[in-house]
Amino acid sequence: MAELIEYLSADPLADEPVSVDEVKAQARIDPDLTDDDQLIQTVIAPAARQLAETRTGTAIRPARYRQVLPAFPHHGNPLVLAIGGVMALESITYAAPHSAGTRITLDPGTVEMVVIDRETVLSPLSDRWPHAGRGPRAVEVVYTAGIDPQTFGDRAPSVKTWILMACAWAYAQRELFLLQTRGSGFQELPPDYLSGLLDPLRLPPRW
């Protein structure tokens with residue numbers, strides 16, 4: 001798992017993958033109706049984007065992440081980063097063995113970063129990783145991940161469509177459940193269609 005440290009920009013208009021105007025067009029909202037613009041910008045659009053991130057395992061809005069491990073992988077095996085869409089590796093630090101409280105920064109030049117089937121993995125250029133001290137946060141990896149919102153639509157158009165559809169759904173449906181007007185139960189779009197829209201960013205199963 002990786003924890004979100006901070007978004008690279010505090011301005012949601014700059015980094016969210018869909019704009020208020022795009023959401024309004026998708027939801028068939030009259031452009032002159034602006035009462036709900038703030039709701040769309042600060043709640044509906046970020047929530048839809050976050051849902052897409054959760055379901056794909058890939059960061060969309062550029063942000064910094066921290067991943068902690070109790071140890072380096074054994075025998076020089078690759079270290080798999082938990083978040084997809086990695087932009088850059090910032091640092092790798094680890095607890096010094098036999099020295100409580102002391103941390104060592106690993107030289108990034110000794111690590112190779114490659115993308116394999118949408119997953120980013122780190123491998124030591126030598127035979128093995130250094131020996132780290134013990135503890136739940138013995139190894140910490142900090143990296144940035146996300147997709148430039150200016151190119152997001154070109155790189156993953158189906159995912160952008162999914163986010164816009166999710167925004168339109170959330171705008172129209174303000175309650176948790178939607179009861180069918182005829183019959184019983186609930187109705188949604190075919191799951192294979194909804195799932196397929198996210199496939200360009202979906203990470204493969206790890207087990």
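The legends below accompany close-up views of a predicted model.

**View 1. Aromatic residues Phe72, Tyr94 and Trp129 form one cluster.**
A search of the whole structure finds 3 aromatic pairs. In the pair made by Phe72 and Trp129, the ring centres lie 5.0 Å apart and the ring planes meet at 5°, so this pair is stacked. The pair joins distant parts of the chain, since Phe72 belongs to the loop between β2 (63–69) and β3 (79–80), while Trp129 belongs to the loop between β7 (119–124) and β8 (139–145), 57 residues apart. Phe72 is buried, with a relative accessible area of 8%, and Trp129 is likewise counted as buried, at 7% relative accessibility.

**View 2. The charged end of Arg61 sits over the ring of Tyr7.**
In this view, the charged end of the Arg61 side chain is found 4.1 Å from the centre of the Tyr7 ring.

**View 3. Phe152 is one of the residues that touch the most other members of the largest nonpolar core.**
The helices α2 (20–26), α3 (37–56) and α5 (157–172) each supply at least two residues of the core, and α5 gives the most, with 7 residues. When residues up to four places away in sequence are not counted, Phe152 touches Pro17, Ile60, Ile147, Pro157, Val159, Lys160, Ile163 and Leu201. Another core, of 22 residues, lies apart from the largest one and has Leu79, Leu81, Leu106 and Ala138 among its members.

Is Gln67 buried or exposed? Gln67 has a relative accessible area of 4%, which lies under the limit of 20% and therefore makes this residue buried. A polar atom of the Gln67 side chain lies 3.1 Å from the backbone oxygen of Val80, and a polar atom of that side chain also lies 2.8 Å from the backbone nitrogen of Ala82. Leaving out residues up to four places away in sequence, the residues that Gln67 touches include Met1 and Ala2, the run of Leu79, Val80, Leu81 and Ala82, and also Val139, Glu140, Val141 and Tyr143.

**View 4. Gly135 lies in the loop between β7 and β8.**
Gly135 is partly exposed, with a relative accessible area of 27%. Which residues is Gly135 in contact with, leaving aside its neighbours within four places in sequence? With those neighbours set aside, Gly135 is in contact with Leu69 and Pro70. Between Gly135 and Leu81 there are 19 Å in space, taken from C-alpha to C-alpha, and these two residues are 54 residues apart in sequence.

**View 5. Three strands form an open sheet in the order β3-β7-β6.**
Strands of a sheet pair through backbone hydrogen bonds, in either a parallel or an antiparallel manner. In this open sheet of 3 strands, the pairing is antiparallel. The strands β3 and β6 (111–116) stand at the edges, each with a single partner strand, so one side of each is left without a neighbour in the sheet. The antiparallel pairing of β6 with β7 extends over 6 bridges, and Met113 has Leu122, in β7, as its bridge partner.

How values were computed:
Residues are numbered from 1 along each chain as its sequence is written. This is a predicted model: local features need pLDDT of at least 70, side-chain atom pairs count only at pLDDT 80 or more; totals for chains, interfaces and linings use all residues. Side-chain values use heavy atoms; hydrogens and water are left out. Rings of Phe, Tyr and Trp (its six-membered ring) pair if their centres lie within 6.5 Å; planes under 30 degrees apart count as stacked, over 60 as edge-to-face and the rest as tilted. Helices (H or I, at least four residues) and strands (E, at least two) are DSSP runs, numbered from the N terminus. Buried means under 20% relative accessible area, exposed over 50%, partly exposed in between (1.4 Å probe, protein chains only). A charge sits over a ring if NZ of Lys or CZ of Arg is within 6 Å of the ring centre and within 35 degrees of the ring normal. A nonpolar core is a set of buried Ala, Val, Leu, Ile, Met, Phe, Trp, Tyr and Cys residues joined through side-chain atoms within 4.5 Å. Contact means heavy atoms within 4.5 Å. A polar contact is a pair of N or O atoms within 3.5 Å; within protein, one must be able to donate a hydrogen and the other to accept it, and residues adjacent in sequence count only if both atoms are side-chain atoms. Two strands pair if DSSP finds at least two bridges between them.
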